Amino acid sequence: MSETDAIIVGSGPIGAVLARALATRQKSVLILESGGAISAPPGTHLRNQLLYQQHPDRFFEEIGRWCQFFNDKVPPSGLPGANQSEAVGGQSLIWTNNCPRPTAYLEQLDFLDQRDWELRLLEAEKLLRVHSSLFDHSIRQARVESWLKKHIPQRQVTKLPLAAERLQDGTLSFTATRDILDSKACASKVTVQERTRVVRFEHSGSRIQGLVAEDANGTQRKYHANNYVIAGGVFATPKLLYNSGIRPPALGQYLHFHPLSMSQIVLDQELSAPEQIADPPPRLYLPPSASHPWHAMILRDFFPIRSPEGVHENRMIELQFFAPVEVRRENRMILDSSEPRFEVTLTKNDEDLLRRMVEDQHELVKLLGHFRDQCAPFFVPPGMSHPMGTCRMGEDPSSSVADTKGRVHGFHNLFLAGASLIPFPIAVNPTLTCAAIALETAANVE
Ligand SMILES: Cc1cc2nc3c(=O)[nH]c(=O)nc-3n(C[C@H](O)[C@H](O)[C@H](O)COP(=O)(O)OP(=O)(O)OC[C@H]3O[C@@H](n4cnc5c(N)ncnc54)[C@H](O)[C@@H]3O)c2cc1C
């Protein structure tokens, strides 16, 4: 028996959630992370710096520095937006922290008992420090919310939960890996070892016997534990399985993602905040529903385009709409010895949904104000937001990679965690859902 109960590959938010859940059960955990520390203290959100609290648009440049695109020149069927981040904390250092619960499509997770699922979501919200009241004092939020409730009473308009806490000085502390690991149990049970890339697993029969990892100098050594979890993100997780000779038929397939349509709006005067007030940004959303099956966020976060139209901050908001695409076997990540490549096409249903989603964005703007010059809806490159499903979970090993607890089919002590497991189309930001699934997995690690 090894002294380490579990090795987790990857120190992103999902690896951290798993580590914390295991540490709480008195399990010793070693997290191996290929990246180094890029924030101070290591694993904290880069956005907590005062610069970005005061100038949110400048955070866009920071994100760009830490996203490694596989090939941003390929056509959309090759997913030009597909990227990953290597760092202590993974993409929790740059994420936008929106954490709504899955809604319209939740019933498709029918292999989890509803009551257990509810408890997992609650626990995940606690670990990610999710709050819905952080922007209650935003004048724009109050005005836009009541205006929309009055003019589109048939739709739900509600506060968008955020993984963050407001500090005494009024600034926000955005949740990242370090906050998730901030517990007594983690201090004594969890070690994060940076600049250590897991190269492959060694296995015999249904057991992983160890793994080989490489340090920053290229020196390889073996590590052993009783259990192994890969939480390496949607692209590195299937790649590591492939490189280890673990190649179930569904590996890399059923890839889905969120086409993201963004725009920036100049609010009508009566919905804006007075210019002399430092108005906090709003954060609302219209949850996906049967009639509008997309995730419509109304916020002021950051916007990549510099518009020539000068507008006071208190009149600005952004719309970010995500649509779920159909989950199909044909949409896949090609796994071979080269850099990840992709084959993804949208169906007619997908195209129709995206068209309706953009029309909806135009309709909302008619109620709120006008698009800022040059900021009308545009789609970000496909694959950029929320890739999912390359190692989907399910009961049937011919169409899934892991079982409904995240355990790789055919293995006793190898688990997966993260958005690669998500087998169904969800419309909302996926990290809270992934964290809840990871907690279910952690409960099943012996
Ligand atoms: C700009 C941006 C905004 C986002 N906003 C939101 C949002 O508002 N809400 C939301 O729900 N989601 C959002 N996301 C998505 C969210 O960041 C991811 O869902 C989340 O980070 C996934 O966590 P993870 O731990 O599974 O993977 P990651 O965060 O990708 O971490 C994986 C880690 O594993 C490491 N790793 C990989 N392979 C190996 C290996 N072989 N050996 C050792 N280490 C390895 C990587 O270096 C990385 O650090 C956003 C993402 C981005 C980029």
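The shell around the ligand is made up of 15 nonpolar, 20 polar and three charged residues, where Ala, Val, Leu, Ile, Met, Phe, Trp, Tyr, Cys and Pro count as nonpolar, Asp, Glu, Lys and Arg as charged, and the others, Gly among them, as polar. The model is predicted, so that local features need pLDDT of at least 70 and side-chain atom pairs count only at pLDDT 80 or more, whereas totals for chains, interfaces and linings use all residues. Residues are numbered from 1 along each chain as its sequence is written. In total, 38 residues surround the ligand, the closest being Gly10, Gly12, Gly90, Gly418 and Thr431; a residue is near a molecule if its C-beta atom, placed from the backbone, lies within 6 Å of it. Helix H1 (13-24) gives the most to this shell, with three residues, and strand E10 (197-204) and helix H8 (236-243) each supply at least two, helices (H or I, at least four residues) and strands (E, at least two) being DSSP runs numbered from the N terminus.

The protein chain is divided into domain 1 (1-129 + 175-254 + 387-446) and domain 2 (135-161 + 260-322 + 345-381), with bounds that come from an automatic or database domain assignment. The contact between them takes 16 residues from domain 1 and 19 residues from domain 2, two residues being in contact if their C-beta atoms, placed from the backbone, lie within 7 Å. On the side of domain 1 that touches domain 2, nine residues are nonpolar, five polar and two charged.

Aspartate 215 is placed in the loop between strand E11 (207-214) and strand E12 (220-223), and it touches Arg195 and Thr196, residues up to four places away in sequence not being counted.
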